[in-house]
There are 2 protein chains.
Amino acid sequence: MIGILGGGQLGRMLALAAAKLGFRTHLYSDETESCGFNVATEATRAHFGDEEALARFAAGCDVVTFEFENVPDATAHFLADHVPVAPNPNALATAQDRFIEKSFVAGLGIATAPFRNVMTEKDAKEAFAALGGPAVLKTRRLGYDGKGQRIVRSAEDCASAFGDFGRVPAILEKFVDFAFEASVVAARGRDGSFAVFDPPKNEHENHILRRSIVPSPLSEEGVRECFDIARAIAEALDYVGVLGVELFIGRNGEIAVNEIAPRVHNSGHWTMEACVVSQFEQHIRAVAGWPLGSCERHSNAVMENIIGAEVEAWQALAGRHAGLHIYGKRVVRPGRKMGHITRLAPPTKA
Amino acid sequence: MIGILGGGQLGRMLALAAAKLGFRTHLYSDETESCGFNVATEATRAHFGDEEALARFAAGCDVVTFEFENVPDATAHFLADHVPVAPNPNALATAQDRFIEKSFVAGLGIATAPFRNVMTEKDAKEAFAALGGPAVLKTRRLGYDGKGQRIVRSAEDCASAFGDFGRVPAILEKFVDFAFEASVVAARGRDGSFAVFDPPKNEHENHILRRSIVPSPLSEEGVRECFDIARAIAEALDYVGVLGVELFIGRNGEIAVNEIAPRVHNSGHWTMEACVVSQFEQHIRAVAGWPLGSCERHSNAVMENIIGAEVEAWQALAGRHAGLHIYGKRVVRPGRKMGHITRLAPPTKA
């Protein structure tokens, strides 16, 4: 029995991958309606602070994992006292705070955008003065899909964005002028084994992932560098499971880490069609202590998200040849990820 | 909400395919422990004759389908009075009786092994005299994986097999000396659209499917003939959903129908890895009234069943590169299908 915290589409696809391997799953979510509940063997609806519910959940699971990184620290540690938890709570804690995350990556000698911690308005102005513009102010915690971030072009701008965010701890990052965005999705097993999928090129619209394309335009050397980055991060975190690392690729092929997602990643959905073992199955294999499968891809792939009301036109969008995934969410909202489509083509060298 | 009668591995994989497309599923099984229950949204454990349970089940579903053909006639008709049912009860009735099935196929002008109906001991002897030996006596109903059939080499043999089977209605078929066995798995939509997967060569051991291999050694013309056979059968049955047709391929490429499975078929499991749309998804698409997906395969494939205690060695059997499916059955029995493995290779022309 594999416990999964969070009941969104990632939890849903993890539960389906677990079922393929013969595992039962128990989803724990604090939302009353979670699209993952329909496919899990067991479901708990409770707050992440409800220790009674957490203890019951932990007692019924052989291992617990997460479909998202914004699990409260206390929850992850509480669970880890009761049941094996993968990835470990420290990895989550590192990834859920942008300043700790960037400092950790920089500490490994891996490039990131230049950044400064911003705790006060004075910090905000000084950070902008130090880095220069344009820059991006981001809350240290809880941002996703562009929420909690703003481009700033002056010290005053920066200070006022800090105020608008409610003076919560933030990080200022120098704007990186990249050629394209990419990501690397990798898995590390309990035994330290490591496997990594081909890094896709990612295209965003309105700060939301629009599509992922493999192979990316990265050179062979660039791909190898992405692999090395993912491995260094996974090993330093003593990571078990799948993690995604979002990357900026510069005009001369230089690679900088944007952020770490300590979970399966939207840019890895194409692996469901183009690889025999998907990122979801790799994650389940890793947390269950099974040997990792091969990350080889047999085809080229383009994955496209179905966002908001687009879901009403899936039939026209997908056509007969695409791999279609609909998440079964009842409420359509602008910007909400409702499903995705993957198109395959015969393989070319990366 | 898609209702599925039967809770074995086929129901389980249908439920997983339905979830991929955003559907909820309700499994109805008369077994107390069904491996499909863990992945369905709702589950009913009740007898197929329990009209109260059937009515409740029907009321909660938008459409009902089957994972196996041995649903009592009365059950299928009762359900069809309450909710759309696909495939239709007459298609089930045709396929679940070997004599009706063979007569139906022969009536379409499609080759089968020569056969005779056997209702009495006298019939048994006369049938053998008419067909000559060796021949196979099979019960008309309820056989699978070699159960309820015996090779007979004399009229006396035939009569005594009939007695051993409890004098239930039977069929005598002349033994076909085939070069290999194949099958064709096809889908027909509510709108009459038709799609068909590449026919695999099938190898049996102890009357149980051991492996399916695509492409088969069939010629292009042979493949086309398989497609035509599947289409003729599906159209004549006004079939909606996926059906499998088991075939004998003679030494000169002549094709005879062995039997019709009015459901997803074990020899179609390779489509989960080698096609973007699997047989399970095609079935769900068809019964839901959606357009069928493409049946194109992007890879060659070999599917191998994991039978009985072999499941304990899945790790060694599968290796890193295989697509692994474990059905989550608690009890291991000799001959029981516990999972399967699919290996891919780059595509060659069929």
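Me: At what angle do helix 6 and helix 7 of chain A pack?
Reply: This is a predicted model, where local features need pLDDT of at least 70, side-chain atom pairs count only at pLDDT 80 or more, and totals for chains, interfaces and linings use all residues. Residues are numbered from 1 along each chain as its sequence is written, with chains lettered from A and ligands numbered from 1 in the order in which they are written. Helices (H or I, at least four residues) and strands (E, at least two) are DSSP runs, numbered from the N terminus. With axes as lines fitted to C-alpha atoms over the stretch in contact, and angles running from 0 to 180 degrees between N-to-C directions, helix 6 (residues 121–131) and helix 7 (residues 155–164) of chain A have axes 8 Å apart and pack at about 145 degrees.

Me: How many residues of chain B are in contact with chain A?
Reply: Contact asks that the C-beta atoms of two residues, placed from the backbone, lie within 7 Å. On chain A, 29 residues take part, and the number on chain B is 29.

Me: Which element of chain B gives the most to the side that touches chain A?
Reply: Helix 1 (9–20), strand 16 (323–326) and strand 17 (337–345) of chain B each give two or more residues to that side. The most, four residues, comes from strand 16 of chain B.
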